[in-house]
Amino acid sequence: MGTALGRAWLAAGHPLTVWNRTPGRTAALTAEGAVAAGSAAEAVAANRLVVACLLDDASVGTALDGADLAGHDLVNLTTGTPAEARERAVWAEKRGARFLDGGIMAVPPMIGAPGAFVLYSGHQKLFEEHRGALAVPAGTEYVGADPGLAALYDVALLSGMYGMLAGITHAFALLRGTEVAPGDFAALLVPWLNAMAGTAQETAGRLTSGDYTTGVVSNLAMQVAGSGTLLRTAAEQGVSAELLTPFLHLMRDRVAAGHAEEDTTGLVDVLRTR
């Protein structure tokens, strides 16, 4: 990811100093015009804007502990938790730096292309001052002054993605070994999932209003009654239902608690109370 970000800035004409814990990994960028620093401290000293994109939060601390951050603007694009981002912001500010945390919503091949974006949170003036440079590799979305918000958004979006991937995995497993061609099924699955993704807006509206029952088309009672078909089909196809059963259990528990007329929105509250 660091290399992809660096290439985007170089292509846009930005001067770039790079450092990597494994020196040889900077070769691709130096070949394109970047200057390789001998240490993280040397890289920090080269420019006011410092971007960290490392393995984890601990590696950021290890790499920058010996650097003079006073007067610099530190943008941390390393994946971490909200609490780690908040702690890193305090750490940076004690060293005289302004801090901005970021969550990259893209894989390296997407950097520099439409569709990639980065969530930012923390020092708003820092974000506004460097917005032009930050927007070069990917679109920018400032989500708030709390340094932990970008990480929280990041993990929430990734969690939604993994839930979708779990469903896709189970769906393909049901058809594995049959005469159904995976490509033919994918041609139906993608538009179906795109259509169902719109329920996120409905869930957001219900969470905001607190009304989980008005206008519900497929209530939990109906969905729980029909869930047995999903499980029996999995058994017939020789497929484990372990990716489905946790969600089905939550629905059954919610119905048992007297919420049969709701849609799935109330499961958010179940997870919070547990």
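**Notebook: pockets, a patch and salt bridges**

The cut-offs I used: buried is under 20% relative accessible area, exposed is over 50%, and partly exposed lies in between, with a 1.4 Å probe and protein chains only. This is a predicted model, so local features need pLDDT of at least 70 and side-chain atom pairs count only at pLDDT 80 or more, while totals for chains, interfaces and linings use all residues. Residues are numbered from 1 along each chain as its sequence is written, and side-chain values use heavy atoms, with hydrogens and water left out.

**Patch**

I placed methionine 164 in helix H8. Helices (H or I, at least four residues) and strands (E, at least two) are DSSP runs, numbered from the N terminus. Met161, Tyr162, Met164 and Leu165 make up a nonpolar surface patch, with about 370 Å² of accessible area together. Such a patch takes residues with over 30% relative accessible area and no salt bridge, with nonpolar side chains (Val, Leu, Ile, Met, Phe, Trp, Tyr) joined within 5 Å. Areas come from the Shrake-Rupley method with a 1.4 Å probe.

**Pockets and cavity**

I then turned to open space. On a 1 Å grid over the protein atoms alone, a pocket is an open set of points with protein on both sides within 12 Å along at least five of seven lines; a cavity is a set where a 1.4 Å probe fits but cannot get out; lining residues have an atom within 4 Å of a point. A volume is the space filled by probe spheres set on the points.

The largest pocket has a volume of about 2500 Å³. It has 48 lining residues, and Leu193, Met196, Thr199, Phe247 and Thr264 are the closest to its centre. H8 gives the largest share of this lining, 12 residues. I sorted the lining by class: 29 nonpolar, 17 polar and two charged. Here Ala, Val, Leu, Ile, Met, Phe, Trp, Tyr, Cys and Pro count as nonpolar, Asp, Glu, Lys and Arg as charged, and the others, Gly among them, as polar.

The second largest pocket has a volume of about 900 Å³. I counted 32 lining residues there, with Thr17, Val18, Trp19, Val51 and Ala52 nearest its centre. Helix H1 supplies the largest share, five residues.

I found one cavity of 30 Å³ or more.

**Salt bridges**

I counted 13 salt bridges, each a side-chain nitrogen of Lys or Arg within 4 Å of a carboxyl oxygen of Asp or Glu.

Glutamate 32 pairs with arginine 7, with the closest N and O atoms 2.8 Å apart. This pair links distant parts of the chain, 25 residues apart: glutamate 32 sits in the loop between helix H2 and strand E2, arginine 7 in helix H1. Glutamate 32 is partly exposed at 41%, and arginine 7 is partly exposed at 39%.

Arginine 206 bridges to aspartate 263 at 3.0 Å between the closest N and O atoms. Arginine 206 is in helix H10 and aspartate 263 in the loop between H12 and H13, 57 residues apart. Both are buried.

Arginine 254 bridges to glutamate 262, closest N and O atoms 2.9 Å apart. Arginine 254 is buried at 11%, and glutamate 262 is buried at 7%. Shared partners join Arg48, Asp73, Arg98 and Glu129 into one network.

Terms used. Patches are made of residues with over 30% relative accessible area and no salt bridge: like charges are joined within 9 Å, nonpolar side chains (Val, Leu, Ile, Met, Phe, Trp, Tyr) within 5 Å.
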